[in-house]
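Please keep the sequence and the 3D view at hand while reading.

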Amino acid sequence: MNSKPVLLVIAHGSRDPRHAATVHALVRRVRSLRPDVRVETGFLDFNVPSAQGVLESLAVQGVRDVVALPLLLTRAFHAKADIPAVLADAPPQLRVHQADVLGPSPLLLAALERRLYEAGLTPADKSSTGLVLASAGSTDPEAIAVIADIAREWRHTGWCAVRPAFASASLPRTEDAVRELRELGCSRVAVAPYVLAPGFLPDRIARGAADADVLADVLGPAPEVARVVLERYEAARMPLPSAVSA
C-alpha cells in the first residue's frame, strides 16, 4: 500500500468548461512527474467532483493521510476561508494538512516567461519590452501586495518595465497598464496573465490587452507549475505521520 499521503488538488471551479479541462491537464502532468503519488482533483464550486466529495470517498477507501493543495496563486479569501472550511468538515478518520498556495515562486516567473516566448517574444526583446503582469484581482491586501512584489522582482530580470494589473476588485486594469507602458516609451508591450486557467476574468484580461503587441497564454499545465505543485506537496507532507516511512 502506498504510504505517501494522497495529494488532493483543490481548484476553484468555473462555469467555463475550459477551466476544468485545464486543471485536469495540469493534474495529468503532475501525475506524470510523480507516478508514485496518488493525485486527486476536487472543486470548490461549479464542477464535480467537489472537494468535500473526494475527501469522503478517500475516507471510505481507507486513506488516512491527505495533503490538500489550493490550486491558487495567492493567499486570498479562498485559501484563508473557503478551503479551510471544507477541510474542517473532512471525515474525522482523515489526517488532512493544507499545503501553501502556489505563489510566489521563481518557477512561476519561469512559466510566465515560457508563455511569453511561446507567444512570440525572444530573450533579446527583454530590454525593449514592457510587461503587464495581469492577475484576476482580489479585495485582500496581502494578495495585491504579492502581485506588486512579483512585478518589482520581475523588473530586475531585464525587462524594460513591469506593471501589475487586475481584472477585478483592484486597479489598474490591464488596458490602463498597457497605456502607461506605451507612455513610458517601451518599444513593445506584452501582457502576461498571472492566472492558471481560462475563464471569465482571464477573458477580461485578454480584452484589456487589445492594444498590446503580445498576449501570452494562461499558465495552465506548464511544467514549471506542475513542479511547484509537487514542491508544495513535499513541504506539506513532512509533518504527517505516514511521511516518516514514505
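## Strand S5 and its two partners

Ala-134 has Ala-165 in S6 as its bridge partner. The model is a predicted one. Strands S5 and S6 run parallel and are joined by 6 bridges. S5 is also joined to S7 by 6 bridges, and this pair too runs parallel.

S5 is mostly covered, with 7 of its 7 residues buried. Thr-129, Leu-131, Leu-133 and Ser-135 point one way from the strand, while Gly-130, Val-132 and Ala-134 point the other way; all are buried. S7 is mostly covered as well, with 5 of its 6 residues buried.

## The sheet S6-S5-S7-S8

These pairings belong to an open sheet of 4 strands with parallel pairing, in the order S6-S5-S7-S8. At its edges are strand S6 (161-166) and strand S8 (214-215), each of which pairs on one side only. Strand S7, residues 188-193, pairs with S8 in the parallel sense over 2 bridges. In that pair, Val-191 stands opposite Leu-215 of S8.

## Helix H4 against helix H5

Which residues make the contact between H4 and H5? The two helices pack at an angle of about 65°, with their axes 12 Å apart, and are therefore roughly perpendicular to each other. The crossing of H4 past H5 is right-handed. From H4, the contact uses Leu-109, Leu-112, Glu-113 and Leu-116; from H5, it uses Ile-150, Glu-153 and Trp-154. By class, these are 5 nonpolar and 2 charged residues, with no polar ones.

H4 covers residues 106-118 and includes Arg-115. Is Arg-115 buried or exposed? Its relative accessible area is 12%, so Arg-115 counts as buried. Leaving aside neighbours within four places in sequence, Arg-115 is in contact with Ala-216, Asp-217, Val-218, Leu-219, Gly-220, Pro-221 and Ala-222.

## The sheet S2-S1-S3-S4

Another open sheet has 4 strands in the order S2-S1-S3-S4, again with parallel pairing. Strand S2 (39-43) and strand S4 (95-98) stand at its edges; each has a single partner strand, so one side of each is left without a neighbour in the sheet. On average, and with direction ignored, neighbouring strands of this sheet are turned by 25° against each other.

Strand S3 (residues 65-70) runs parallel to S4, and 4 bridges join the two. Asp-65 stands opposite Arg-95 of S4.

Helix H3 (residues 77-88) lies across strand S1 (6-11), S3 and S4. Its direction is at about 170° to S4. H8 also lies across S1, S3 and S4, but runs at about 135° to S3.

## Helix H1 against helix H8

At what angle do H1 and H8 pack? Helix H1 (residues 17-33) and helix H8 (residues 223-237) pack at about 65°, with their axes 9 Å apart. An angle from 65 to 115 degrees counts as roughly perpendicular, so H1 is placed roughly perpendicular to H8. H1 passes H8 in a right-handed crossing.

On the H1 side, the contact is made by Leu-26, Arg-29, Val-30 and Leu-33. On the H8 side, the residues are Pro-223, Val-225, Ala-226, Arg-227, Val-229 and Leu-230. The contact of H1 with H8 divides into 8 nonpolar, no polar and 2 charged residues.

Key:
Residues are numbered from 1 along each chain as its sequence is written. This is a predicted model: local features need pLDDT of at least 70, side-chain atom pairs count only at pLDDT 80 or more; totals for chains, interfaces and linings use all residues. Side-chain values use heavy atoms; hydrogens and water are left out. Two strands pair if DSSP finds at least two bridges between them. Axes are lines fitted to C-alpha atoms, for helices over the stretch in contact, and angles run from 0 to 180 degrees between N-to-C directions. Angles under 35 degrees count as roughly parallel, over 145 as roughly antiparallel, 65 to 115 as roughly perpendicular and the rest as oblique. A crossing is left-handed if the near helix is turned anticlockwise from the far one by less than a right angle, and right-handed if clockwise. Contact means heavy atoms within 4.5 Å. Ala, Val, Leu, Ile, Met, Phe, Trp, Tyr, Cys and Pro count as nonpolar, Asp, Glu, Lys and Arg as charged, and the others, Gly among them, as polar. Buried means under 20% relative accessible area, exposed over 50%, partly exposed in between (1.4 Å probe, protein chains only).
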